[in-house]
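Open your viewer and show the chain as a cartoon. Keep the selection tool at hand.

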Amino acid sequence: MKETDREAVATAVQRVAGMLQRPDQLDKVEQYRRREARKKASVEARLKAAIQSQLDGVRTGLSQLHNALNDVKAIQQSLADVSKDWRQSINTIESLKDVKDAVVRHSQLAAAVENLKNIFSVPEIVRETQDLIERGELLQAHRKLMDLECSRDGLMYEQYRMDSGNARDMTLIRSYFGSTQGLSDELAKQLWVVLQRSLVTVRRDPTLLVSVVRIIEREERIDRRILDRKKQTGFVPPGRPKNWKEKMFTILDRTVTTRIEGTQADTRESDRMWLVRHLEIIRKYVLDDLIVAKNLLAQCFPPHYEIFRSLLRTYHQALSARMQDLAAEDLEANEIVSLLTWVLNTYTSVEMMGNAELAPEVDVALLEPLLSADVVSVLLDTYMSTLTSNIIAWLRKALETDKKDWVKETEPEADQDGYYQTTLPAIVFQMFEQNLQVAAQISEDLKTKVLVLCLQQMNSFLSRYKEEAQLYRDEHLRNRQHPHCYVQYMVALVNNCQTFKESVVSLKRKYLKHEAEEGISLSQPSMDGVLDAIAKEGCGSLLEEVFLDLEQHLNELMTKKWLLGSNAVDIICVTVEDYFNDFAKIKKPYRKRMIAEAHRRAVQEYLRAVMQKRISFRSAEERKDGAERMVREAEQLRFLFRKLASGFGEEMDSYCDTIVAVAEVIKLTDPSLLYLEVSTLVSKYPDIRDDHIGALLAMRGDASRDMKQTIIETLEQGPAQASPDYVPIFKDIMVPSLNVAKLLK
């Protein structure tokens, strides 16, 4: 208490010190005293109330404890009285044992008297029940069976109560009613037969199915009653519980499984379409069965059976097991596609589980997959592997078939625009299209994978196609008389390249989503470059054919015969025009390039003739005549290639200007201006070399050795720079193997 008083005084001192920190607060001392007095009175009142409340609670508790003590003493006295009475009555209970035994015997005799009629009529009831079962009157048969079982179970129960250890009497009763279990089994067989054919029975005779369900319901109630009695007495009659409801669902499960497995009527050996037929039969049967179950069967069963939901679950499990079995077989590629299409698409479509007649009981969104993701993945990997091998084989076969057409004596077919073509692109892309259509039925992801595979194999195929086209050309060059339609088929091969390009674009546009297109384009090597290379080689082979026919006439250029008057260029122009009439069957992108290349090649061959040193002009008159002839022939070539290129809207005659420029050098009459003219020529055509200039000066025939040396050396000191868009024309022209020194002599 002293410690508490000291703490209270210390606290009070701190509070007073806090209140009187300034002189002006001394005037409020009386006010502070009254406020503190009020606080003290309030605290004391609350403290008294709390103590009073505590005292009232203690008083009430003591009163209750006192009452409880009195109750305990009263109970103790009552127990003592009961114990005393029980000890006094032991002898009386033992003297009543005979009465108890008499009661048990009376109960047994009463049961025997009650069942006496049934006991004596057991053989007759058994025969009647057997007849009813055979006639299919199952409800009446079950009623008599219940009477037999009730009599047997009643007698056995009374015997069990009287003397549960007396096995002889129990055996006697069981033996007397021995036919009852056989009748029960026979009735059960009939029930299971009806249930196995329930989907047929419900359409023809729903009453029979209802009777079966009623019998099963009766047995379920009896089972429950007997199990309840077992908990009290421990007695269970023979053959109980029957669990017919559980067996009913087992029978239905087995029936569904057998029905699904029994739909396979063919094998791969007897019918290549065995799996498609098998899956279609399953689809039809399952859909019909579930519609019948929803609309008819559910009305024959109690609602709590949820028979439709149970059958739906059973069918789904049976289908899943069947699909697993099929997936485990060694399926071919088309069979894998059929299986996956059915599992992933058909099963949940309106053709089956999504059918309007099954809604709303069947929600396809809640159905589990028939095949696990791992199994589907394995099937897809197998399919892709098999498809890869098949595509390679198909492409090889298609190319071999197309090669046989290349050596035919008849021209290839033309498309609707009149362009030559072979059947190869159509065959290849028809095959790709078919596989993509099949893949699209399964999933978008598989469709994209198949498209990538097709593009990859297309790249490999184009390499073989290029090699075969080269072999075709080489074989022709060894014997230009064979094949008879070489030019026409080479034109078709070139056109195929454009068809391939267009088909690839069409394929991507049709089967590739926009968001995936960029990724596919990046992951695939560009086929345009390969196709353009094949087309370029094909066009080159065709031009090679042209210039092989022109070789004799090209050799006449820049000769004495040419100078005196030759129609070599006329023949060249006619021949080129004739060939390009055949080349009109080439599609425009390639024909345009081919005309440009033919133009360049013709001018190049003309200039090559100039550089061959076949003639050396001896006078200014000869130089003038030769130069003028060159200009006329350049115009002939210009007119020819303008005519050939007229349909393309572009001028392609700049190459002929080269011949005119060379003619100007030859035509020059003042040798002192020769350096200036040659410099102009070199500035226009930077790829011209000193051996070209030497051959050109040698053809003039009037340039001195010193002049030639000076011109060449001066030009070598400041070679001209070519513009970025300049197309070399002298680069590939070779001068006969005479060095510059010899040309200068």
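Which residues line the largest cavity? Select Lys466, Ala469, Gln470, Arg473, Met490, Ile534, Glu537, Gly538 and Ser541. Helix H17 (444–478) and helix H20 (527–554) are the elements that each give two or more residues to this lining. The space inside the largest cavity is about 50 Å³. The structure holds three cavities of 30 Å³ or more. Remember that this is a predicted model.

Next, go to aspartate 415. Look in the loop between helix H15 (373–406) and helix H16 (424–442). Aspartate 415 is buried, yet it has no salt bridge. Where is the nearest side chain of opposite charge? Select lysine 587: it is 4.2 Å away. Now show tyrosine 419. Its backbone nitrogen lies 2.9 Å from a polar atom of the aspartate 415 side chain. Leave aside the neighbours within four places in sequence, and aspartate 415 is in contact with Gln421 and Lys587.

Last stop: select helix H27, residues 690–700. Why is H27 described as largely enclosed by the rest of the structure? Nine of its 11 residues are buried, so the rest of the structure largely encloses it. Colour the buried ones: Asp691, His692, Ile693, Gly694, Ala695, Leu696, Leu697, Met699 and Arg700. Then step past the end of the helix. Glycine 701 follows H27, and its phi is positive, near 80°.

How values were computed. Residues numbered from 1 in each chain as written. Predicted model: local features only at pLDDT ≥ 70, side-chain atom pairs only at ≥ 80, totals over all residues. Heavy atoms only, no water. Buried < 20%, exposed > 50% of the residue type's maximum accessible area, 1.4 Å probe, protein only. Helix = DSSP H or I, 4+ residues; strand = E, 2+ residues; numbered from the N terminus. Lys, Arg positive; Asp, Glu negative; His and termini not counted. Salt bridge = Lys/Arg side-chain N within 4 Å of Asp/Glu carboxyl O. Polar contact = N/O pair within 3.5 Å; in protein donor to acceptor, adjacent residues only side chain to side chain. Contact = heavy atoms within 4.5 Å. 1 Å grid on protein atoms, 1.4 Å probe; cavity = no way out; pocket = protein on both sides within 12 Å on 5 of 7 lines; lining within 4 Å. Points joined across faces, edges and corners; volume = space filled by probe spheres on them.
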